[in-house]
Amino acid sequence: MGQWLSWVKSNEKELLTILDNLAKKAVETSEAIVVLFSDLSDVEQPKKIHKLETEADMLTRDIFSELNKTFITPLDREDMQRIASKIDDVIDFMDGIAARVYSYKITTPPPYCEEMAEELVKATKEVEYMIAKLQRIKNPQDMINHCRNTSDIEHKIDDLYREAIREVFETNDPIKIIKLKDIYETMETASDRCVDVADVIEDIVLKYT
């Protein structure tokens, strides 16, 4: 019996470790997006970002696999699935940013993209912080504050997005409008998914504390 309980405990730790690694991958990907916009002549950068996305997919599959094998989970099973899926979505959309930049042959950083990318780094770091604290929530209010920080960052990205869209529609080049609008929308959606993660975590904090 003791050996079985030991197995369960170690499996719980494994789940949280994988989730933590997935959050770290989100930060790594967001930082790679900043690098992408700093030097759009580097055609290898989108490939590096796609590699990060592939690695994140593997971590997400690992989490779902472990959840299917684990009888007792450290948090509600559905909550953990939601967190993993939403973080994976964040990384998918960031990979989508790089893919669009590459496919559309963008050679000059579009206005606001670098600033939006820097804000995305802040958002993913908030996610990373909160995931790291999930194993032992000592200060519920601190967690809620970081959830709200993520929302504030998303609002700033929304403001940048609106300004970017306003300016892009002042041009007379329909192809440019389509390309830039698509990139801006993908960046804004990535930040929305960060807030989705924060919302799940806030629900967890209120549920367990």
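Okay, before anything else, what I call a pocket: on a 1 Å grid over the protein atoms alone, it's an open set of points where a 1.4 Å probe fits, with protein on both sides within 12 Å along at least five of seven lines, and lining residues have an atom within 4 Å of a point. Grid points are joined across faces, edges and corners, and a volume is the space filled by probe spheres set on the points.

Now, the housekeeping. This is a predicted model, where local features need pLDDT of at least 70 and side-chain atom pairs count only at pLDDT 80 or more, while totals for chains, interfaces and linings use all residues. Residues are numbered from 1 along each chain as its sequence is written, and side-chain values use heavy atoms, with hydrogens and water left out.

So, the pocket. The second largest pocket comes out at about 150 Å³. Its lining is made of Leu36, Leu40, Ser41, Asp42, Val43, Pro46, Val101, Tyr102, Lys105, Ile106 and Thr107. Sorted by class, that lining has 7 nonpolar, 2 polar and 2 charged residues. For the classes, Ala, Val, Leu, Ile, Met, Phe, Trp, Tyr, Cys and Pro count as nonpolar, Asp, Glu, Lys and Arg as charged, and the others, Gly among them, as polar.

Lys105 sits in the loop between helix 3 (77–103) and helix 4; helices here are DSSP runs (H or I, at least four residues), numbered from the N terminus. Is Lys105 buried or exposed? Lys105 counts as exposed, at 70% relative accessibility. The cut-offs, with a 1.4 Å probe and protein chains only: buried is under 20% relative accessible area, exposed is over 50%, and partly exposed is in between. Its phi is near 55 degrees, a positive value in a residue other than glycine.

Tyr112 is in the loop between helix 3 and helix 4 too. Tyr112 also has a positive phi, about 75 degrees, although it is not a glycine. With a relative accessible area of 22%, Tyr112 is partly exposed.

On to the helices. Phe37 is in helix 1 (residues 2–38), and at 0% relative accessibility Phe37 counts as buried. What does Phe37 touch? Leaving out residues up to four places away in sequence, Phe37 touches Ile97, Val101, Pro109, Pro110, Cys113, Glu114, Ala117 and Met187, where contact means heavy atoms within 4.5 Å. Phe37 and Glu115 are 78 residues apart in sequence, yet 9.7 Å apart in space, C-alpha to C-alpha.

Next, Thr124, in helix 4 (residues 113–133). Thr124 is buried, with a relative accessible area of 1%. Beyond the residues up to four places away, Thr124 touches Ala26, Val27, Ser30, Val90, Met94 and Cys194. Ser191 is 67 residues from Thr124 along the chain, with the C-alpha atoms separated by 8.5 Å.

That brings up the cysteines. How many disulfides does the structure hold? The count is 0, taking a disulfide as a pair of cysteine sulfur atoms within 2.5 Å. Cys113 is in no disulfide, and the nearest cysteine sulfur, that of Cys194, is 16 Å away. Cys113 counts as buried at 0% relative accessibility, and Cys194 counts as buried at 1%.

Over in helix 6 (residues 174–208) there's Ile201. Ile201 counts as buried, at 0% relative accessibility. Setting aside residues up to four places away, Ile201 touches Ile83, Met130, Ile131, Leu134, Met143 and Cys147. Ile201 and Ile83 are 118 residues apart in sequence and 7.7 Å apart in space, C-alpha to C-alpha.

Last one: Phe169, in the loop between helix 5 (140–168) and helix 6. Phe169 counts as partly exposed, at 46% relative accessibility. Not counting residues up to four places away, Phe169 touches Ile177 and Lys181. Phe169 and Phe64 are 105 residues apart along the chain, and their C-alpha atoms are separated by 43 Å. That's my tour.

Key:
Helices (H or I, at least four residues) and strands (E, at least two) are DSSP runs, numbered from the N terminus.
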